[in-house]
Amino acid sequence: SYPQLLLGGRDKVNLDPYAWGCYNTRKCPIEGGISSLLDPLHNLNVKRYAASRYWRVALVLLVVLPTLTGCWPFSDASPAKTPVSGGQSNPGGGPSGANTGALNIAGETSDPPSLDPALATDSYSLFVIRQLFSGLVTYDNNLKIAPDMAASLPSVSGDGKTYTFTLRKGVRFTDGKEVTAQDFKYSMERATDARLAGSQPASSLPSALYLGDIVGVHEKLDGKATEISGVQAPNTTTLVISIDAPRAYFLSKLTAGPAFVVEKSNVESGAKWIEDPHGTGAFKIDKWVHNQEIALAPNKSYYEGAPQLAGVNIWMGANAQGGLQQYETGGLDVTDVPVGDIDRVSDRNEPMSAELQTVPDLSVTYLAFNLRQKPFDDPKIRQALSLVIDRQKIARVMFQSRVRQAQGFVPPDMGGYKGPAVGETYNVTLARQLIQQSTYKNVASLPRLRLWTSGDSLGPMLKDVFSQTLGIDLEVHEVEWSDFLQGLDSHSYSMFTLAWGADYPDPESFLGTLFRSTSPENHMGYRNPVVDDLLNKAAVEADNAKRMGMYADIESRVLKDYPAVPLYHSVRYMLVKPYVKNFKVTPMGILSLKDVRLAGQK
């Protein structure tokens, strides 16, 4: 009853489903856009967000699929389009001839989903947020934890559960008010206020993931407490944070949005406070033309001194189209490179090749199943669908070997981590047998399969693959990124594609964030008590080598449950003009623009 079609050897006539246009990948949900540039995030993914939820991200100077969490890469990977704003092209001038001295980058088709540090989960939003706000600690360009608004790294108690921070003196919000330890306590308690979740459970808030180790956070989220008992401000410059158990990665979680400081009077000034936020970052919002442009100006009261850039122009909508073309004509100073143009740009005979930065991302793009919905409650169906997806051909044919084939969810460049041995991942015959062994017995008995995407190229490819191998007519729904995130949070999608970018360089940022049963980023509804128990034990293991081995065991168990199919790990290809100095692309994307300067423009 299955069409006897061979998937191999079809590249020459373009009948291979894996030859589907990777030329229209967008955002950090799966690749492209600011999402592709800035994320660590992927969301990427997309971490969201996220960054960092998906690489949610995975946003935005990141990868082709919108990502949750993380940083963000720029510009659409689709064919170039003429910007609507015209104006004479000039380096640093942007699509509409913005002021020389400003850095011009391309965002997405619309506004970031949220610039509230307590709510943002995608890499697009989080990239902008990192320019406007700051926290106690941050990452340097080598992805090492460094003090930010803290004067130094905290002192830690002997039992590893109490962190004492001393704040820098004289750090101010953009309105001139000095930041105190009480402001941090307020900000974290606001981030854990259940009212922020709206109609969603409080456990869906980003703070549940990033601040959940702090004593009293869950009681605050549940409405059983009015403050976080584990966050104390004994004086204006001292902040004491107590966590429930020692965790090697705890400081890394404090680099996320819910730990950023916000000004109470600004937040409580009205619903539109985020249009003019009083942050502590290197930049502030100078102009925001919704869905067209966000212009950032240097924060002259920034504690490290105002950045040297005259500003940052983040172009959206039509002005964000055709990033490579705009880069070549001088409208953009930085852009990601569409897959179809990488060969040309990387050719040594091409002058632009000297401007290309290539960095493997700490991200994973995956196909996810909602285990709450049929037929994905049956593991044999999940395994069958996984086995007909040729991950090698996705990397080699669809993305022309410009991404890395995924064997698991944790990227191969995660320091100190060696993933589990992975068995056979592609076997169409076994997939057909599994469907016959499942509770559904045959394809005809399956409910209609529907896939939700945010506009990436994986949907058409998967539709073709499932049809050719299993005779399944997959229904693909393309949804705008902001709406897509809402659908994820409400668990509406039975099957979806997404990219996740690391919030911090540790396996926990993938395995714990995506597969712990209580994680707000576990959109699959995956629950395995053994995995939960092992995650809890790995989180407090002091021996790092032993901890890495525990995560390998966890990943092996998750892979055998098939809640999702890891497809590929992104590689970031970015062009940076020679006059853009100190522009650092890390495996977690572009973290900050505070040190960037323009010099020697032509």
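Student: How many aromatic pairs does a search of the whole structure find?
Tutor: A search of the whole structure, which is a predicted model, finds 12 aromatic pairs. One of them is formed by Tyr302 and Tyr303, whose rings are tilted, with 4.9 Å from centre to centre and 50 degrees between the planes.

Student: Why is that pair called tilted?
Tutor: Planes under 30 degrees apart would count as stacked and planes over 60 as edge-to-face, so the 50 degrees between Tyr302 and Tyr303 makes the pair tilted.

Student: And is Tyr302 buried or exposed?
Tutor: Tyr302 is buried, with a relative accessible area of 9%. Tyr303 has 22% relative accessibility and counts as partly exposed, because the cut-off for buried is under 20%.

Student: Which residues do ring pairs link into a cluster?
Tutor: Ring pairs link Tyr366, Phe409, Phe515 and Tyr526 into a cluster.

Student: Let's take a helix, then. How many residues of H3 are buried?
Tutor: Helix H3, which spans residues 181-191, is mostly covered, with 10 of its 11 residues buried. Among the buried ones are Phe184, Tyr186 and Met188, and also Asp183, Lys185, Glu189 and Arg190.

Student: What covers them?
Tutor: The cover over the buried residues of H3 includes helix H4 (206-210), helix H5 (217-221) and helix H7 (264-267), together with strand E8 (231-235) and strand E9 (238-242).

Student: Which sheet do E8 and E9 belong to?
Tutor: They belong to an open sheet of 4 strands in the order E6-E7-E9-E8, with antiparallel pairing. Strand E6 (155-156) and E8 stand at the edges with a single partner strand each, so one side of each has no neighbour in the sheet. H3 packs on this sheet, touching E8 and E9, and its direction makes about 160 degrees with that of E8.

Student: How many bridges join E8 to E9?
Tutor: E8 and E9 run antiparallel and are joined by 3 bridges, and Asn235 stands opposite Thr238 in E9.

Student: New topic: how do E10 and E11 pair?
Tutor: Strand E10 (residues 283-289) and strand E11 (residues 293-298) pair in the antiparallel sense over 6 bridges. They form a hairpin with 3 residues between them, and Asn291 in the turn has a positive phi of about 65 degrees. Across the pair, Lys284 stands opposite Ala297, and Ile285 has Leu296 as its bridge partner.

Student: Why is E11 called largely enclosed?
Tutor: 6 of the 6 residues of E11 are buried, so E11 is largely enclosed by the rest of the structure. Glu293, Ala295 and Ala297 point one way from the strand, whereas Ile294, Leu296 and Pro298 point the other way, and all are buried.

Student: Last one: where does His523 lie?
Tutor: His523 lies in the loop between helix H15 (508-515) and helix H16 (529-539), and at 2% relative accessibility His523 counts as buried. Its C-alpha atom is separated by 10.0 Å from that of Pro563, a residue 40 residues apart from His523 along the chain.

Conventions
Residues numbered from 1 in each chain as written. Predicted model: local features only at pLDDT ≥ 70, side-chain atom pairs only at ≥ 80, totals over all residues. Heavy atoms only, no water. Buried < 20%, exposed > 50% of the residue type's maximum accessible area, 1.4 Å probe, protein only. Helix = DSSP H or I, 4+ residues; strand = E, 2+ residues; numbered from the N terminus. Contact = heavy atoms within 4.5 Å. Phe/Tyr/Trp six-rings, centres within 6.5 Å; stacked < 30°, edge-to-face > 60°. Pairing = 2+ DSSP bridges. Axes fitted to C-alpha atoms, helices over the stretch in contact; angles between N-to-C directions.
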